[in-house]
Amino acid sequence: MDFDINAYLRLNPMDMIMVCVSTLIIIAIAKHFFWDKVLAYLDARKAAIQADIDAGMQSREAGEQYKRQYEEQMANARGEAHEILESAKANAVQEKREILAAARGEAEAVKEKARKDIEREKVQARAEMKDAIVDVAFEAAKQIVNKELDESTHKQYVDDFIEHAGDESWQA
């Protein structure tokens, strides 16, 4: 079998014209009956795509806005935490000062009370010592003089002696 390539690839101008005319007729019919529907579908598809793009942009802007708000809140929270810490430190320092001042005041009060107690005990000890010296002097004077003086006069002499003992007037 012989195969003729020329018959197989034949290019006939009349066939080409017929193909072009039939294609134009099909296009005209499609344009007349279906073109509006195709354009409407393409417009709807374009609008849906644009709506998706717009929604994505809005979502992105909302996300960025939430991010900014979050960062602002975090910055505020850091600032508030810093303020709280500084306030707590200041309160602690103030409380420390108050406690120390109260402790110092109590210590001073205890020291003052102890000083007053010591002073009172000194006065009491002097009085007791004076009375003891008076009694001893009275007994000694009684035995030395061997005469009886009245006790109040003798105590007066002894008290004067003790009061002026150690003074410059006594040594002179």
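The areas themselves come from the Shrake-Rupley method with a 1.4 Å probe, and for residues only the protein chains shown count as cover.

A few words on the background. This is a predicted model, where local features need pLDDT of at least 70 and side-chain atom pairs count only at pLDDT 80 or more, while totals for chains, interfaces and linings use all residues. Residues are numbered from 1 along each chain as its sequence is written, and side-chain values use heavy atoms, with hydrogens and water left out.

Side chains of opposite charge can pair when their charged atoms come close. Here, a salt bridge is a side-chain nitrogen of Lys or Arg within 4 Å of a carboxyl oxygen of Asp or Glu, and by this rule the model has 5 salt bridges. One of them links glutamate 64 to arginine 60, with 3.3 Å between the closest N and O atoms. These two partners sit 4 residues apart in helix H3, so about one helical turn separates them. Helices are DSSP runs (H or I, at least four residues), numbered from the N terminus. Arginine 60 is exposed, because its relative accessibility is 52%.

Further along, which residue does glutamate 112 pair with? The partner is arginine 115, and their closest N and O atoms are 2.3 Å apart.

Aspartate 117 forms a salt bridge with lysine 113, at 3.9 Å between the closest N and O atoms. Lysine 113 is exposed at 52% relative accessibility, whereas aspartate 117 is partly exposed at 21%. Salt bridges with shared partners join Lys113, Asp117 and Arg120 into one network.

## A negative patch

Glu128, Asp131, Asp135, Asp150 and Glu151 form a negative surface patch. Patch residues have over 30% relative accessible area and no salt bridge, and like charges are joined within 9 Å. Asp and Glu count as negative, and the place of a charge is taken as CG of Asp or CD of Glu.

Helix H3 (residues 35-145) gives the largest share of the patch, 3 residues. Glutamate 151 belongs to helix H4 (residues 151-164) and is partly exposed, with 47% relative accessibility.

Definitions and conventions
Patches are made of residues with over 30% relative accessible area and no salt bridge: like charges are joined within 9 Å, nonpolar side chains (Val, Leu, Ile, Met, Phe, Trp, Tyr) within 5 Å. Helices (H or I, at least four residues) and strands (E, at least two) are DSSP runs, numbered from the N terminus. Buried means under 20% relative accessible area, exposed over 50%, partly exposed in between (1.4 Å probe, protein chains only).
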